[in-house]
Amino acid sequence: MELAYTPKQKAFREEVREWLAANQPTTPLANYDTREGFEQHRAWEAKLFEQRLSMVMWPKAYGGRGCDLIEWLIFEEEYYGADAPMRINQNGQLLLGPTLMEFGTEAQKQRFLPRMASSVDMWAQGWSEPNAGSDMAAITSKAIRDGDHYVLNGQKTWSSRALFADWLFGLFRSDPASTRHNGLSFVMVPLDAPGVTIRPIKALNGKNTFAEVFFDDVRVPLENCIGAEGQGWHVAMATAGFERGLLLRSPARFQATARKLIQLYNANRQSADRDPSIREAVVEAWLGAEGYALSSYHTVGRLSRGAQIGAESSINKIIWSELDLKMHETAMRILGAHGELLSSAAQAVEGGWLDGFLFAQAGPIYAGTNEIQRNIIAERMLGLPK
């Protein structure tokens, strides 16, 4: 594989680099798990949109820039290289957006995508339920037809961004007599609708990162269903593919973490070298991040030639989730006991390593547990028996 950029791609890289240098916030934004921080991040997303940099690979008609996936990888490299603010509308922009592109009506695309690209609408995901986590086919929340509306009843949990988001998308059982993967519909729900109750769930770091959402006779227009009624599982599996594949976790994110890990090691080299395995782990982190990046370029090249990503998205998910976990575990080993101090402590270590470490614990769980992903690889790629 030869990585040779065209003049157009080089010019795009330079444009993004210069714009970020001139426009990114000079002071860190407040934590996005607070109302203040959430709105600061929304304003930053809006600023990106003004330059058509929020969703560079979307068509111009829907608020994008019309870039190809190579240019998206370039944008991500510059964005993470500049240490720009965390993107918080990923549920909408990177998961629901591509789903609408593939399954939505033209009216749905025109209505939702531009507002999603500009972050006028912020989105939460409604998959998990108290008795339906990785086994999404066990969903019991219902969407029953009543005239030109669905009436929603049930509960979703572990919903990222739901506390402050404007909309939620998720799976609901539209055929009450159905079981498992059948009779499910993919529905978009405004979170300010009568009958919606949102309760925060505190994460390990004490922040209100998640929420549980209750639906009590919530009325939603039938036109808010994506794809055919009862075919929600098929639509959701495409969304899950976007989540596990390239879009949600670009390689640039992990390359940036690897660079910071090397800096952390060099700053603490005297103590870190007391355990030679730490140095080896740092090298492995850099190799893993670069390997994932090269693999991503290879995948993008295949996609540009008409290939599709199917079950192999499960390989991507395992790679990036376990790579992230190993890098943050290595950082905590370098920092020792000081690394365990919360950011509010007087002697806390800067760099967000503890928050990153705590978040990385969830990587092998969300987007489908890695145990499930290994089953998918074994059955659908290797042809092994169940």
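Predicted model: local features only at pLDDT ≥ 70, side-chain atom pairs only at ≥ 80, totals over all residues.
**Stop 1: W127 and F169**

The structure holds 16 aromatic pairs. Select W127 and F169 for one of them: this pair is edge-to-face, with 5.7 Å centre to centre and 85 degrees between the planes. W127 is found in the loop between β1 (123–126) and β2 (142–146), while F169 belongs to strand β4 (residues 167–173), so the pair ties together parts that are 42 residues apart in sequence. W127 and F169 are both buried.

**Stop 2: F169 and F186**

F169 is in strand β4 and F186 is in strand β5 (residues 184–190), so here the pair ties together parts that are 17 residues apart in sequence. F169 counts as buried because its relative accessibility is 0%. F186 also has 0% relative accessibility and therefore counts as buried. The cut-off for buried is under 20%.

**Stop 3: strand β5**

Now select residues 184–190, the whole of β5. Seven of the seven residues of β5 are buried, so the strand is largely enclosed by the rest of the structure. Turn the view to look at each face of β5, as both are covered. On one side are L184, F186, M188 and P190, and on the other are S185, V187 and V189, all of them buried.

**Stop 4: the neighbours of β5**

Which strands pair with β5 in the antiparallel sense? One is β4, which pairs with β5 over seven bridges. Select L171 to see an example: its bridge partner in β5 is F186. Another is strand β8 (residues 225–226), joined to β5 by two bridges and also antiparallel. For this side, select V187, whose bridge partner in β8 is C225.

**Stop 5: charges over rings**

The charged end of R52 sits over the ring of F49, at 4.3 Å from the ring centre. Then select R199 and F214. R199 lies over the face of F214, and the distance to the ring centre is 4.5 Å.

**Back to the start**

Key:
Residues numbered from 1 in each chain as written. Heavy atoms only, no water. Phe/Tyr/Trp six-rings, centres within 6.5 Å; stacked < 30°, edge-to-face > 60°. Helix = DSSP H or I, 4+ residues; strand = E, 2+ residues; numbered from the N terminus. Buried < 20%, exposed > 50% of the residue type's maximum accessible area, 1.4 Å probe, protein only. Lys NZ or Arg CZ within 6 Å of the ring centre and 35° of its normal. Pairing = 2+ DSSP bridges.
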